[in-house]
Amino acid sequence: DSVKPLVISTWDSGKTANTAAWEVLTAGGRALDAVEQAGIAIENELSCCVGLGGNPDRDGFVTLDACIMDEKANIGSVAFLERIKHPVSVARKVMETTPHVMLVGSGAQQFAVASGFPLEPASLSKEAEKSYKKWLKKAEYKPVINIENQKNTPGKNADAPKKLENGHFNHDTMGTLAIDQNGDLSGMCTTSGMGFKMRGRVGDSPIIGAGLFVDNRVGAVTCSGQGEEVIRVAGAHLVVEFMRNGDSPLTACKKAIQRIVGRDETRAKSFQVGFIAVNKKGETGAFSVQPGFSYTVTVEGEENTLRHAQSYF
Ligand code: SD4
């Protein structure tokens, strides 16, 4: 017996994503449509780390990464995409209307515009502009652990999510995984990447196998945190493989985190990575390097339950 439908998303802000996905799932829609709607909902909100309101790169430009994967291993991805509001939908268009799986930079933007996505102004959100000005004073690249669950203030670290001036919670790279009423799995991941990154830097989030992986026979995985560390171990794919070999979602996420930390435990103290996973039965699990990683699960009768992942440290 499996739990379905089900949706699980990274961080506290997974509530927004899950709510959008749940509407699709309860109406009998595909998991693919559900996760795309989750991405769109989160890209519409002001955030440090997703969509056009996100923190810019060190040259002051917001550049977006996203990908999507369905139950048939169809995949689409965009990276280093500027001035387009819904990278997750562009990723889906790449998947469904091109012979390719990934488009980047000006080519991705050209494709998006040709596909009917409006070109948005290149301006920063008020929050991002404040953060960027503050950042420019020192101009050091120092990712803040769990920035996704904090107010958008570089250098501050606190556990509790704080409300932004517009009443939204600040949030992060949003990864969403869903099982639909048919029992089919899909996932998506969308982000503005690490704030104040080098121009042209791409993280794990648009890379199938790193930031997201779905195997309809086994399960689905996505993650948030320091993308370089996730790419190094092909993170999401690694977690799916552990589940394929019989591990529960929790154990699989834990083993992948141990793999990442095991390279250099001292260095691992300075970064965050958190995985969330769901298996074909609808069992969920998560694990992170640092405390403070949260995720949101929605199933019948239990909507948007916030859970805190266990962590290595
Ligand atoms: C990245 N994994 O670009 C993303 C960042 C992230 O919440 O998760 N932010 O490396």
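Helices (H or I, at least four residues) and strands (E, at least two) are DSSP runs, numbered from the N terminus. The model is predicted: local features need pLDDT of at least 70, side-chain atom pairs count only at pLDDT 80 or more, and totals for chains, interfaces and linings use all residues. Residue numbers start from 1 along each chain as its sequence is written.

**Backbone features**

F196 is located in the loop between strand 6 (185–191) and strand 7 (212–215). A139 is found in the loop between helix 5 (126–138) and strand 5 (174–179). A residue is buried if 20 or more other C-beta atoms, placed from the backbone, lie within 10 Å of its own, exposed if 12 or fewer, and partly exposed in between. The table sets out the two residues, each with a positive phi although it is not glycine.

| Residue | Phi | C-beta atoms within 10 Å | Class |
|---|---|---|---|
| A139 | near 50 degrees | 8 | exposed |
| F196 | near 65 degrees | 22 | buried |

A cis peptide bond, with omega near -5 degrees, leads from K4 to P5. P5 belongs to the segment before strand 1 (6–10).

**The sheet**

Two strands pair if DSSP finds at least two bridges between them. An open sheet of eight strands has the order 4-3-2-6-5-1-11-12, with mixed pairing. Its edge strands, strand 4 (102–104) and strand 12 (302–308), each pair on one side only. Strand 2 (residues 64–69) runs antiparallel to strand 6, and five bridges join them. I68 stands opposite M188 in strand 6.

**Helix 8**

Helix 8 (residues 249–262) contains 14 residues and spans 20 Å from first to last C-alpha, close to the 20 Å expected at 1.5 Å a residue; the expected span is 1.5 Å times one less than the number of residues. Its buried residues are P249, A252, C253, K254, A256, I257 and I260.

**The nonpolar core**

A nonpolar core is a set of buried Ala, Val, Leu, Ile, Met, Phe, Trp, Tyr and Cys residues joined through C-beta atoms within 7 Å. The largest one holds 91 residues, of which A21, C67, A178, V239, F275 and A277 touch the most other members. Helix 2 (residues 31–43) gives the most to this core, seven residues. Residues are in contact if their C-beta atoms, placed from the backbone, lie within 7 Å. Not counting residues up to four places away in sequence, C67 touches several residues, among them I75, A91, M188 and L212. In soluble globular proteins, nonpolar side chains tend to be buried together.

Methods. Two residues are in contact if their C-beta atoms, placed from the backbone, lie within 7 Å.
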